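Follow the helices and pockets of this model one stop at a time.

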Amino acid sequence: MYRKAAADQRFLTLLQLCDTFSKLTQVQGKIIKMGFQNNQFVLTKFISVSSELDSVHYACSFVFSKEPSRPHLYDTFLYNTVIRAYAQTARFKPMAIRYYNEMLVRGIEPTNYTYPFVFKACSGIGELSLSKSAHGSVVKLGFYGDKHVMNAMLHVYCSCEGGITFGEKVFDEMPKADSVPWSTMMGGYRNFGLSNEVIKLFREMQISGVRPDEITMVILFSACADLGSLKLGMWAESYIKKENLKMNSELCNALIDMFSKCGDVDKALILLRKMPETMRTIVSWTSVIFGMSLHGRGNDAISLFKEMKQSGEYPDDVTFMALLSACSHSGLVEEGKQLFMTMVNVYRIEPRIEHYGCMVDLLSRAGLVKEAIEFIDRMPMAPNPVICRTLIAA
């Protein structure tokens with residue numbers, strides 16, 4: 001018994017030390033050689049480590065082999081590990097659902113640790129019907145009051161099309177002692193364009209006495225930006241100072257974006273310059289450039305872009321969309337053409353339909369209709385209705 005436990009621990013330690021796929025396969029060979037391929041603890045750890053190395057597919061092909069001696073090893077803990085591993089991937093979330101269904105078919109009962117990751121997978125793929133089915137199972141199994149399960153359930157309803165009313169019902173029925181459910185519900189409203197509801201819910205949150213965190217305030221600033229409510233945005237800024245909330249990069253960016261979209265571009269620029277260099281991101285710069293674009297300050301946008309490059313920040317496709325839009329609204333035709341070529345030839349960014357639309361708008365506004373038509377003819381994709389309307393209007 002002692003030797004077996006020591007051997008178990010040895011393999012668990014070896015797996016823990018695996019930081020490359022090559023090391024993982026070497027340990028796998030030892031597992032098979034020593035006859036530990038049917039050890040529950042070792043198999044579960046193998047999957048857990050594999051997921052960290054982005055090799056969960058490989059691990060599952062080994063663990064869920066067709067050996068007749070294996071099925072009795074598949075327990076709740078093993079399935080929870082697999083479901084969690086797939087739910088945390090970017091591209092393979094549907095596999096989490098597949099193993100959840102397989103778990104049910106095998107008669108293995110889920111636990112309250114199963115459902116947060118089932119809901120996470122559903123959220124990632126926008127699967128509302130399965131979310132509702134899992135919701136029913138949660139109620140049936142008695143997990144409806146579990147804080148983590150409820151938060152995950154609320155999140156999936158606030159992420160899936162058509163789920164917001166179900167989210168409201170869950171929100172009304174769940175405990176709301178901290179900021180997490182409030183932020184999730186506010187985020188759901190904002191995702192579906194219900195920014196007025198965000199403001200209402202934030203006020204309810206204040207009345208309830210729950211202190212908002214940085215995530216709550218990011219959502220609030222985004223809602224203020226959507227509504228163009230500078231007054232409310234300024235109040236929210238003063239609230240942050242009063243509550244002494246930590247100004248992380250995401251919150252600073254949301255504040256800059258709010259001022260840019262609500263018309264106070266100069267305040268947004270001041271905030272950008274005050275922002276520590278270590279906290280500035282491409283989002284910080286692009287938000288101000290977009291604000292300048294919206295308010296006809298094309299030359300200022302180009303100047304800020306040059307300053308951004310000097311700082312060492314690398315522009316992305318959204319930055320160039322903001323710049324091209326700024327040139328269009330300010331009549332900077334040659335500058336816009338040059339920026340488009342820089343995007344393609346220097347930064348190797350493949351233009352999207354939105355970039356082509358900005359260029360057609362730029363040429364059309366300047367009265368260069370013939371050149372706009374020639375530009376459309378050279379596009380690698382068919383023009384969308386917006387581009388066609390822009391050309392017809394010109």
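The buried residues of α18 pack against α16, α17, α19 (317–330) and α20 (333–346). Contact here means heavy atoms within 4.5 Å. Helices (H or I, at least four residues) are DSSP runs, numbered from the N terminus. This is a predicted model, where local features need pLDDT of at least 70 and side-chain atom pairs count only at pLDDT 80 or more, while totals for chains, interfaces and linings use all residues. Residues are numbered from 1 along each chain as its sequence is written, and side-chain values use heavy atoms, with hydrogens and water left out.

Stay with α18, residues 298–310. Which of its residues are buried? They are Gly298, Ala301, Ile302, Leu304, Phe305 and Met308. Buried means under 20% relative accessible area, exposed over 50%, and partly exposed in between (1.4 Å probe, protein chains only). The arc is taken from the directions from the helix axis to the C-beta atoms. An α-helix has 3.6 residues a turn, so residues three or four places apart point the same way. Asn299 and Gln310 are exposed on the other side of α18.

The length of α18 also fits. Its 13 residues should span 18 Å at 1.5 Å a residue, and its end C-alpha atoms are 19 Å apart, which agrees. The expected span is 1.5 Å times one less than the number of residues. After α18 comes Gly312, with a positive phi near 95 degrees.

Now move to α14 (230–243). With 14 residues at 1.5 Å each, α14 should span 20 Å; the end C-alpha atoms are 20 Å apart, which agrees. Leu232, Gly233, Ala236, Glu237, Tyr239 and Ile240 are buried in α14. Seen down the axis, the buried residues fall within an arc of 155 degrees, so they line one face of α14. Their cover includes α12 (195–208), α13, α15 and α16. Lys231, Lys241 and Lys242 are exposed on the other side of α14. Asn244 follows α14, and its phi is positive, near 55 degrees.

α14, α15 and α16 (265–274) each supply at least two residues of the lining of the second largest pocket. On a 1 Å grid over the protein atoms alone, a pocket is an open set of points where a 1.4 Å probe fits, with protein on both sides within 12 Å along at least five of seven lines; lining residues have an atom within 4 Å of a point. The second largest pocket has a volume of about 200 Å³. Among its lining residues are Glu237, Ile240 and Lys241. The lining divides into eight nonpolar, no polar and three charged residues.

What is the volume of the largest pocket? About 250 Å³. Of the 16 residues that line the largest pocket, Asn253, Asp257, Lys261, Val283 and Ser287 are the closest to its centre. α13 (214–227), α15 (249–261) and α17 (282–294) are the elements that give two or more residues to this lining.

End at Asp361, in helix α21 (residues 353–365). Is Asp361 buried or exposed? Asp361 is buried, with a relative accessible area of 18%. Asp361 touches Ser328 and Thr390, not counting residues up to four places away in sequence. Asp361 and Lys241 lie 120 residues apart in sequence and 42 Å apart in space, C-alpha to C-alpha.

Notes:
Points joined across faces, edges and corners; volume = space filled by probe spheres on them. Nonpolar A, V, L, I, M, F, W, Y, C, P; charged D, E, K, R; others polar.
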